Amino acid sequence: MIQRVFSFVGQTIKNSEEDRANFDYSFQYSGKFYLMASPAIDSAWLSSPIKPFCKSLNVGEAHPADILPVLEAPVPFASDNSNAPQPPPLPSKNCTRTKYSERPLEYSVVPKETKDTWDNLFKKGYGADVCILTNEKSCVLAHSNVLSIASPVLANVLRLSKVKNGMRYIKIPGVPHGAVCMFIRFLYSSCYEEEELQKFVLHLIVLSHFYSIPSLKRVCICSLEQGWLTRENVIDVLQLARNCDAPRLAFICVRMVVKNFKSISLTEGWRAMRRANPALEQELVESVVEADTRKQERQRKMEEKKVYLQLYEAMEALLHICKDGCRTIGPRDKVLKGSQGACNFPACKGLETLVRHFSNCKTRVPGGCVHCKRMWQLLELHSRMCNEPDSCKVPLCRHFKEKMQQQSKKDETKWKVLVSKVIAAKNAVGSFSSRSKGLF
């Protein structure tokens with residue numbers, strides 16, 4: 001395709017001097033000329049450097065009035081074929097691009113008047129052809145077309161029902177009359193009163209699940225999750241959530257039972273559940289025990305991390321005392337600051353007391369004095385964490401490095417585990433502090 005374009009341009013330039021002038025004019029002011037791989041282009045142009053090529057051209061400053069006609073209207077190429085289609089015109093200056101606001105694919109607005117119309121249709125029962133019988137021997141009037149469209153289950157029930165004097169009679173047993181009225185009203189207008197919803201929320205969950213009304217089911221579940229779930233009704237809600245396919249609500253109920261097990265186990269709902277469903281009681285008790293076990297395990301790990309972090313702080317303080325000196329203790333070649341200077345190492349004060357005892361203790365046997373034994377362990381831990389034993393100023397660092405070679409594999413493994421956990425605690429604190437600095 002590129003070769004055809006260049007050959008077409010070359011043939012046109014050879015055939016007409018006027019076309020050559022037009023071509024030169026457009027080339028001069030367009031400022032762009034694309035060199036592509038074509039046999040018609042001399043390879044010397046492609047291989048020549050750009051700088052000499054630029055020097056060979058005298059490019060002056062063009063006037064905008066001369067450039068504007070070229071940009072607004074394209075210069076047509078001469079062609080032997082008069083039937084070639086003309087290019088489309090450029091857009092005018094007054095043409096602006098219209099910006100359309102992005103709308104969701106499913107866009108719907110239901111005004112209040114429409115909801116009121118459907119609400120009045122239910123309340124006043126104009127042209128009702130269905131009578132819904134409840135447990136209280138009351139009747140709720142409805143329209144078969146509305147019920148059939150809203151619920152496929154009700155459509156099947158109406159199809160199997162018998163017609164008597166132009167009226168179909170169906171039953172919704174097991175729930176109060178007020179819950180049935182609220183349920184049918186929701187099918188018409190999706191309207192409800194919050195007080196009535198809170199009163200019949202458990203019955204409405206059952207009705208919405210049985211008659212396949214997911215919108216009403218979502219409303220009930222959301223209301224329970226946002227504050228209507230109490231210690232008195234949590235057991236009943238848990239059983240309904242499991243039977244009515246509401247896993248999130250069931251999970252929230254179990255979490256509430258685990259958190260408030262002592263008070264919930266004394267409610268009437270728990271006693272009724274124990275009689276009717278002992279397997280659920282056993283499952284909840286096991287969940288409570290498992291949660292307590294996890295809590296104790298977390299606390300144990302937190303205590304371990306604190307110990308390892310204290311050991312790391314002790315290593316830092318020991319290196320600080322032996323290298324730089326701190327207040328009243330330090331190496332011989334350092335001038336001590338005395339008790340006036342504040343130390344930035346939290347473990348320095350306790351370690352300073354331990355070092356003083358270690359230097360003045362008469363026993364000084366690894367198994368004789370408890371404090372000396374602790375100091376020996378700190379010195380050995382430092383030696384295992386130190387990477388420069390030859391230049392280290394901590395006492396006995398090189399001695400413990402040599403002693404490692406004579407220890408058993410069991411002791412060596414214990415020390416390696418301890419060193420790895422101390423380093424892990426240090427890295428965890430370092431990463432947390434760096435994240436905190438990034439946030440603030």
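Which residue forms a salt bridge with E380? In this predicted model, the partner is R384, and the closest N and O atoms of the two residues are 3.5 Å apart. A salt bridge is defined here as a side-chain nitrogen of Lys or Arg within 4 Å of a carboxyl oxygen of Asp or Glu. Residues are numbered from 1 along each chain as its sequence is written, and side-chain values use heavy atoms, with hydrogens and water left out. Because the model is predicted, local features need pLDDT of at least 70 and side-chain atom pairs count only at pLDDT 80 or more, whereas totals for chains, interfaces and linings use all residues.

E380 and R384 are four residues apart in helix α19 (residues 370–385), a separation of about one helical turn. Helices (H or I, at least four residues) and strands (E, at least two) are DSSP runs, numbered from the N terminus. E380 is buried, with a relative accessible area of 9%, and R384 is likewise buried, at 13%. The accessibility classes are buried (under 20% relative accessible area), exposed (over 50%) and partly exposed (in between), for a 1.4 Å probe and protein chains only. Leaving aside neighbours within four places in sequence, R384 is in contact (heavy atoms within 4.5 Å) with K401, M404, Q407, E412, W415 and V419.

By the stated rule, the count of salt bridges comes to 13. One of them joins D119 and R185, with the closest N and O atoms 3.0 Å apart. This pair links distant parts of the chain, since D119 belongs to helix α6 (residues 112–124) and R185 to helix α9 (residues 177–189), 66 residues apart. Both D119 and R185 are buried. A further salt bridge is formed by the side chains of R300 and E297, at 2.3 Å from N to O. R300 and E297 both lie in helix α17 (residues 278–323), three residues apart, or about one turn of the helix. R300 is partly exposed, with a relative accessible area of 39%, and E297 is also partly exposed, at 33%.

Aromatic pairs were also examined. Rings of Phe, Tyr and Trp (its six-membered ring) pair if their centres lie within 6.5 Å; planes under 30 degrees apart count as stacked, over 60 as edge-to-face and the rest as tilted. The structure holds six such pairs. The rings of F186 and Y192 have centres 6.3 Å apart and planes at 35°, so this pair is tilted. F186 is buried at 6% relative accessibility, whereas Y192 is partly exposed at 35%. W376 and F400 form an edge-to-face pair, with 6.0 Å from centre to centre and 70° between the planes. W376 lies in helix α19 and F400 in helix α20 (residues 397–404), so the pair ties together parts that are 24 residues apart in sequence. Both W376 and F400 are buried. Ring pairs also link F183, F210 and Y211 into a cluster.

The strands form an open sheet of four, in the order β2-β1-β4-β3, with mixed pairing. β2 (139–142) and β3 (163–164) stand at the edges, each with a single partner strand, so one side of each is left without a neighbour in the sheet. Two strands are taken to pair if DSSP finds at least two bridges between them. Strand β1 (residues 130–133) and strand β4 (residues 167–171) pair in the parallel sense over four bridges. V130 has R168 as its bridge partner in β4.
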